[in-house]
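Let's take a walk through this protein together. Keep the sequence and the model side by side as we go.

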Amino acid sequence: MCPSRDRRGLADADTVGDDPVTVARGLRAAFDCTGTPPAEPTTPSRPVDLDTAAIDAAMGVKGAADGKIYKCTYVRRETVTDGHVILPPGLGSTTSVNFQPLGGGGAVLSGDLVMIAKEVQPVLVALRRGGVELVELHHHSLTDEPRLFFVHYWAVGNAVRLAKAIRRAVDTTNVVPMPGEAG
């Protein structure tokens, strides 16, 4: 049975704390109330039609297939906070590089690159020199520290050439491969 949707039920959510088991039980109860279906079991991805070894070498990170997309992910080296909350690596501070195969070694490249202010111009220059189109420059939060900016980008071409171009931009930022994905 779901609790009533009055303020008393909401107050309980404010007192959950940070015990992972308690949080998980609370989430499960919320999902049960909303009718959210359980996650489908994961199945091993089929290999993508790209030279992933060459992409990994160019990117300096071991990518991962996610359906038909090959992804490489980096996180900021410094501790990132939003207000008084320390954000774990990867939460709101990632550089994500996605390769969608087109066949014949070609790919559509898209992603989101995280930067601090002094990194913005070097990243934009590196992307433009690499033939990568800039989509938008924005930020996600008003209280993050360090102040983070994000650029969305895309390109179409040879996947390995694009990986080398995007790596030049990544190298101008203070990031490391996502834990568990080092190349």
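Why does A163 count as buried? The relative accessibility of A163 is 0%, so this residue counts as buried, a label for anything under 20% relative accessible area, with exposed meaning over 50% and partly exposed in between (1.4 Å probe, protein chains only).

Before we go on, a word on the source: this is a predicted model, in which local features need pLDDT of at least 70 and side-chain atom pairs count only at pLDDT 80 or more, while totals for chains, interfaces and linings use all residues. Residues are numbered from 1 along each chain as its sequence is written, and side-chain values use heavy atoms, with hydrogens and water left out.

Back to A163, which you will find in helix 5, spanning residues 159-170; helices (H or I, at least four residues) and strands (E, at least two) are DSSP runs, numbered from the N terminus. Setting aside residues up to four places away in sequence, A163 touches I55, A58, M59 and F99, where contact means heavy atoms within 4.5 Å. A54 lies 109 residues from A163 in sequence, yet their C-alpha atoms are 8.8 Å apart in space.

Now turn to N98, in strand 5 (residues 94-103). N98 counts as buried because its relative accessibility is 15%. Its side chain makes a polar contact of 3.5 Å with the side chain of S96; such a contact is a pair of N or O atoms within 3.5 Å, and within protein one must be able to donate a hydrogen and the other to accept it, with residues adjacent in sequence counting only if both atoms are side-chain atoms. Leaving out neighbours within four places in sequence, N98 is in contact with I69, Y70 and K71, and also with V108, L109, S110 and G111.

Let's step back to the whole chain. It has five helices and ten strands, and buried residues account for 34% of its 183 residues. Of the contacts between residues at least 6 apart in sequence, 62% join residues at least 24 apart.

Finally, how confident is the predictor? The mean pLDDT (the predictor's confidence in each residue, from 0 to 100) is 85 for the protein chain, and 83% of its residues reach 70 or more. Over residues 5-14, however, the pLDDT is below 50, and this stretch has two contacts in the model beyond near neighbours in sequence.
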